[in-house]
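Student: I have just opened a new structure and would like to get to know it. Could we go through it together, one question at a time?

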Amino acid sequence: MSDDPPVGPEREELAIGRHPEEQARHAPGPTADPARMAAMRAAFLTFAETEHLQVVRFLLRNGVRLEEAHDAAQEAFAEAWRLLSSTPERWQAIASERAWIRTVALRAAHRPPGQARRQPPADTWDTVPERPVPCGDPAELTVPTLDVLAALRALPDRQRLAMAFHLDDVPQHDIAQELGCGTRQVGNLITSARATLKSALAIYLPRKEDRR
């Protein structure tokens, strides 16, 4: 089976994953009490602080420009905060928060030109403490980093997406859920991507005499 990406609507779905609402199971249960909500929000802020720049890096590996990657990551975390605040049981039902937030961010980054970004309600987002988010300077990207990003961009869509998840230590069963395929196919995608990247980035691999 070819790893070349499909075209049309099918390509859109496979390249950026399914909508998060399709992945969050509607688990029944009462609204969380104030103490529980406070704990969930504190845990989310820690999650956001830990994952934000990693999500930006994930988007860069998928060919998104730096400034757009920061915007899309911010939008994804705003959407996650809105979900947690409005229906906490659905946030808790997400199987992998790390995979979910990356899929949401990638979908935001791939939004058609001219389509407005979704903004969270002011009364919800205002409750989140402001935290400075470094935007970074493209000039800070080293030549090896740029070469790695270029090599990743050259991969077929599904290989690139699987590899980007893999580089962020997302388990293969979670990658399979995001791509809508089996774990064996995820393994094959990663193996193929590794072989292509090894060839493209051979200049950075240590030579045998250097390892002695």
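The questions below go from the whole chain to single residues.

Student: What kind of model is this, and how many helices and strands does the chain have?

Tutor: Welcome! This is a predicted model. From the N terminus on, the elements run α-α-α-α-α-α-α-α-α-α-α. The secondary structure therefore comes to 11 helices and zero strands.

Student: Which element gives the largest share of the largest nonpolar core?

Tutor: In soluble globular proteins, nonpolar side chains tend to be buried together. Here the largest nonpolar core has 52 residues, and Phe44, Leu59 and Trp91 touch the most other members. Elements giving two or more residues to this core include helix H4 (66-86), helix H6 (97-109) and helix H8 (143-153). The largest share, 11 residues, comes from H3.

Student: Is Glu51 buried or exposed?

Tutor: Glu51 lies in helix H3. Beyond four places in sequence, Glu51 touches Phe77, Arg98 and Arg102. The relative accessible area of Glu51 is 6%, and the limit for buried is under 20%. So Glu51 is buried.

Student: At what angle do H9 and H10 pack?

Tutor: Two packed helices are described by the angle between their axes and the distance between the axes. For helix H9 (residues 157-167) and helix H10 (residues 172-179), the axes are 10 Å apart. The crossing of H9 and H10 is right-handed. Their packing angle is about 145°.

Student: How many nonpolar, polar and charged residues are in the contact of H9 with H10?

Tutor: On the H9 side we find Arg158, Leu161, Ala162, Phe165 and His166, which meet Ile175, Glu178 and Leu179 in H10. Sorted by class, that contact has five nonpolar, one polar and two charged residues.

Student: Is Val170 buried or exposed?

Tutor: Val170 has its place in the loop between H9 and H10. Not counting residues up to four places away in sequence, Val170 touches Arg98, Ala99, Phe165 and Ile175. With 4% relative accessibility and a limit of under 20%, Val170 counts as buried.

Student: How far apart in space are Val170 and Ser96, C-alpha to C-alpha?

Tutor: Residues 24 or more positions apart account for 77% of the contacts in the chain with a separation of 6 or more. Val170 and Ser96 are 74 residues apart in sequence. In space, C-alpha to C-alpha, they are 8.7 Å apart.

Key. Residues are numbered from 1 along each chain as its sequence is written. This is a predicted model: local features need pLDDT of at least 70, side-chain atom pairs count only at pLDDT 80 or more; totals for chains, interfaces and linings use all residues. Side-chain values use heavy atoms; hydrogens and water are left out. Axes are lines fitted to C-alpha atoms, for helices over the stretch in contact, and angles run from 0 to 180 degrees between N-to-C directions. Helices (H or I, at least four residues) and strands (E, at least two) are DSSP runs, numbered from the N terminus. A crossing is left-handed if the near helix is turned anticlockwise from the far one by less than a right angle, and right-handed if clockwise. Contact means heavy atoms within 4.5 Å. Ala, Val, Leu, Ile, Met, Phe, Trp, Tyr, Cys and Pro count as nonpolar, Asp, Glu, Lys and Arg as charged, and the others, Gly among them, as polar. A nonpolar core is a set of buried Ala, Val, Leu, Ile, Met, Phe, Trp, Tyr and Cys residues joined through side-chain atoms within 4.5 Å. Buried means under 20% relative accessible area, exposed over 50%, partly exposed in between (1.4 Å probe, protein chains only).
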